[in-house]
Amino acid sequence: MSHNTFGHLFRVTTWGESHGPALGCVIDGCPPGLALTEADIQAYLDKRRPGTSRFVTQRQEPDAVKILSGVFEDDRTGGQVTTGTPILLLIENVDQRSKDYAAIRDLYRPGHADYTYDLKYGVRDYRGGGRSSARETAARVAAGAVARKVISGVTIRAALVQIGPHRIDRARWDWAECERNPFWCPDAETAKTWETFLDQTRKAGSSAGAIIEVHAENAPAGLGAPLYGKLDAELAAALMSINAVKGVEIGDGFAAAALAGEENADEMRMGQDGRPVFRSNHAGGILGGISTGQTIVARFAVKPTSSILTPRQTVSAQGEDADIETKGRHDPCVGIRAAPVGEAMVACVLADHVLRHRGQTGR
């Protein structure tokens with residue numbers, strides 16, 4: 001299987017399977033001299049970790065990360081720092097239950113990658129989906145923690161803005177609220193609605209989709225390379241690569257189609273510091289594929305978890321019609337744990353573009 005690496009100068013290769021002994025990533029191109037410890041990475045992995053509430057999978061994985069290479073410390077470094085060489089991060093799997101999948105090893109789960117993996121490779125790991133499992137995203141979150149070191153002045157935050165048909169009220173947006181509920185929801189009232197909705201969904205053996213919004217504040221202007229290295233294009237590709245994502249928007253996205261030209265254009269006036277000030281941000285902080293210095297805003301839609309208890313029609317690997325219900329431990333809304341993953345992918349793309357911009361312009 002190829003194409004397990006993304007990025008140009010800040011390059012990340014992930015490896016491992018859902019039910020293998022471990023998973024992780026190799027980060028190549030991280031600049032030297034950046035302070036980096038396992039605790040720096042663990043803080044972000046804990047946000048994505050399973051088993052943290054009744055609204056996510058109850059698989060109990062500590063997701064404890066180990067740094068196996070690419071760092072050094074002695075009495076001159078002032079702590080552990082990156083060396084500029086490849087950084088290998090390891091996360092062990094400790095709570096696999098492969099037996100949960102024995103009954104469906106010859107059946108293709110609707111909505112999953114079972115059929116397409118088998119079609120392409122002629123072999124598939126049926127234990128939790130193997131490489132196609134969202135378990136792989138733990139490695140992305142770990143890589144994103146390292147990427148944040150490269151762009152230390154940028155603040156990246158994600159929030160869920162919709163679960164199923166229930167959207168937040170943007171007038172009640174409070175970033176601090178995201179840390180107070182299990183949904184990364186910036187609206188306390190809507191979080192209560194989601195709690196009731198997901199309890200009902202889970203008891204019905206079903207699942208729900210979600211929309212996550214990511215903000216990157218204080219991102220420098222000038223990132224991105226037209227025509228085929230546009231920042232928004234690469235952000236979209238990175239977010240689209242996350243498991244179960246079926247749509248990405250930058251700025252107003254599809255809603256811009258309903259606006260008039262004078263509504264959509266982000267007007268400018270000169271600020272007191274001699275630089276232009278934008279009066280709106282419909283473009284999501286990116287124009288012509290290059291960052292403007294405004295907050296970068298991206299949203300991505302996550303489909304309902306395909307593993308559900310409700311019986312579904314399918315076919316077997318032997319070409320026979322069959323019915324299937326997926327047992328085991330699954331997220332009723334996989335979008336909840338996608339918020340830290342979205343942050344990580346944005347961080348990796350921005351770190352890559354910062355290094356590329358520095359290499360081309362010297363700034």
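Me: At what angle do helix H3 and helix H7 pack?
Reply: This is a predicted model, in which local features need pLDDT of at least 70, side-chain atom pairs count only at pLDDT 80 or more, and totals for chains, interfaces and linings use all residues. Residues are numbered from 1 along each chain as its sequence is written, and side-chain values use heavy atoms, with hydrogens and water left out. Helices (H or I, at least four residues) and strands (E, at least two) are DSSP runs numbered from the N terminus, and axes are lines fitted to C-alpha atoms, for helices over the stretch in contact, with angles from 0 to 180 degrees between N-to-C directions. H3 (residues 137–150) and H7 (residues 338–361) have their axes 7 Å apart and pack at an angle of about 45°.

Me: Which orientation class do H3 and H7 fall in?
Reply: Angles under 35 degrees count as roughly parallel, over 145 as roughly antiparallel, 65 to 115 as roughly perpendicular and the rest as oblique. The packing angle of H3 and H7 is about 45°. H3 and H7 are therefore oblique to each other.

Me: Where is Gly209, and is Gly209 buried or exposed?
Reply: Gly209 is in the loop between helix H4 (188–203) and strand S10 (210–217). Buried means under 20% relative accessible area, exposed over 50%, and partly exposed in between (1.4 Å probe, protein chains only). Gly209 has a relative accessibility of 16%, so Gly209 counts as buried.

Me: Which residues does Gly209 touch, not counting residues up to four places away in sequence?
Reply: Contact means heavy atoms within 4.5 Å. Gly209 and Pro182 are 16 Å apart in space, C-alpha to C-alpha, and 27 residues apart in sequence. The residues touched by Gly209 are Gln162, Ile163, Gly164, Val302, Lys303, Pro304 and Cys333.

Me: Which residue of S10 is the bridge partner of Ile163?
Reply: Two strands pair if DSSP finds at least two bridges between them. Strand S8 (residues 155–163) and S10 run antiparallel and are joined by eight bridges. In S10, Ile163 has as its bridge partner Ala210.

Me: Which strands are the edge strands of the open sheet?
Reply: The sheet has five strands in the order S9-S8-S10-S16-S11, with antiparallel pairing. Each edge strand pairs on one side only, and these are strand S9 (166–167) and strand S11 (245–250).

Me: Which residue takes a positive phi in the hairpin of S17 and S18?
Reply: Strand S17 (residues 312–315) pairs with strand S18 (residues 321–324) in the antiparallel sense over four bridges. Five residues lie between the strands, and the one with a positive phi, near 85°, is Gly319.
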